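Good morning, colleagues, and thank you for the time.

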Amino acid sequence: VVALECDDPGDAGYWAGVAAARERSAAGFALVFFSSARFAPHTVTEALAATCPGLRYAACSTAGEITRNGISEGNLIVILFPADRFRIAAHRIRDIRRAGMERIVAQVGEAKRQFVGPAAARSAHTFALCLIDGLSFAEESVTAALHWGLDDIPLLGGSAGDDMRFGETTLILDGEPASDAALLVLVETQVPFHIFKTDNFVPTPDKLVVTRSDPDRRIVHEF
């Protein structure tokens, strides 16, 4: 797996480096994470189409990126997966605000059946990644539906952001951008993997009681 990062939208050499790394690693799929405040979605899709034609990828805008120097902002990161070590399929789930659990469970279940097939042992070498519109207010219900549809396949992922502007996020699948959507990436590999969880909240001795809020929009107006 090769990861390349950039913080300069005008760095043409970066995309040449991505193309060269794709050739060396024989990558068949990529994950792309980008700051939409610095890298407009159309520049990402155009650059990948020009330098890596035919490469399948899933991308999302962020509110901070994990780089070699830790968590940072204003970056673009391309992660390349060699085709001989990773078998990957990606699917888009549209209209997640109105989709309903039954439709998502059915779509995810069918995606799993097509990917894993009748060999149940494959599930032990498979995991799923979900990237979801962080402004959809539907992450919990969609994640629950994904768990139902995936059954024994472990799930990880996160929400697409927009550099804390809370305007619009972008999810891209093979050059096609969308909002109000989720991307499900199924990965089968013989490379050992382990899914872990971290929390970004630190407990304090202070207690806060919410006295006015808008739960549907996740807004706390008053403590």
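Predicted model: local features only at pLDDT ≥ 70, side-chain atom pairs only at ≥ 80, totals over all residues.

Residues are numbered from 1 along each chain as its sequence is written, and side-chain values use heavy atoms, with hydrogens and water left out.

A word on terms. Helices (H or I, at least four residues) and strands (E, at least two) are DSSP runs, numbered from the N terminus. Two strands count as paired if DSSP finds at least two bridges between them. Axes are lines fitted to C-alpha atoms, for helices over the stretch in contact, and angles run from 0 to 180 degrees between N-to-C directions.

Let me begin with the six-stranded sheet. This sheet is open and mixed in its pairing, with the strand order β1-β6-β2-β3-β10-β11. At its edges stand β1 (2–6) and β11 (176–178), each with a single partner strand, so one side of each has no neighbour in the sheet. From one strand to the next, the twist averages 15 degrees.

Now to β6 and its partners. Strand β6 (residues 76–82) pairs with β2 (residues 27–34) in the antiparallel sense over seven bridges. Leu 31 has Ile 79 of β6 as its bridge partner, and Phe 29 stands opposite Phe 81 in β6. With β1, the pairing of β6 is also antiparallel, over five bridges; here Val 2 is bridged to Leu 80.

How many residues of β6 are buried? Seven of the seven are, so the strand is largely enclosed by the rest of the structure; buried means under 20% relative accessible area, with exposed over 50% and partly exposed in between (1.4 Å probe, protein chains only). Leu 76, Val 78, Leu 80 and Pro 82 point one way from β6, whereas Ile 77, Ile 79 and Phe 81 point the other way.

Helix α1 (residues 12–25) lies across β1, β2 and β6, at about 15 degrees to β6. Helix α2 (residues 41–51) also packs on the sheet, touching β2, β3 (56–61), β6 and β10 (171–173), and its direction makes about 160 degrees with that of β2. Contact here means heavy atoms within 4.5 Å.

I turn to the four-stranded sheet. It is open and mixed, in the order β7-β12-β8-β9, and its edge strands, β7 (86–94) and β9 (155–160), each pair on one side only. Strand β8 (residues 126–133) runs parallel to β9, joined by six bridges, and Asp 133 stands opposite Ala 160 in β9. Helix α3 lies across β7, β8 and β12 (181–189), running at about 160 degrees to β7.

Finally, the helix pair. Helices α3 (residues 101–116) and α4 (residues 139–150) pack at about 40 degrees, with their axes 8 Å apart. They are therefore oblique to each other: angles under 35 degrees count as roughly parallel, over 145 as roughly antiparallel, 65 to 115 as roughly perpendicular and the rest as oblique. Among the residues making the contact are Met 101 and Ile 104 of α3 and Trp 148 and Leu 150 of α4.

Thank you; I welcome your questions.
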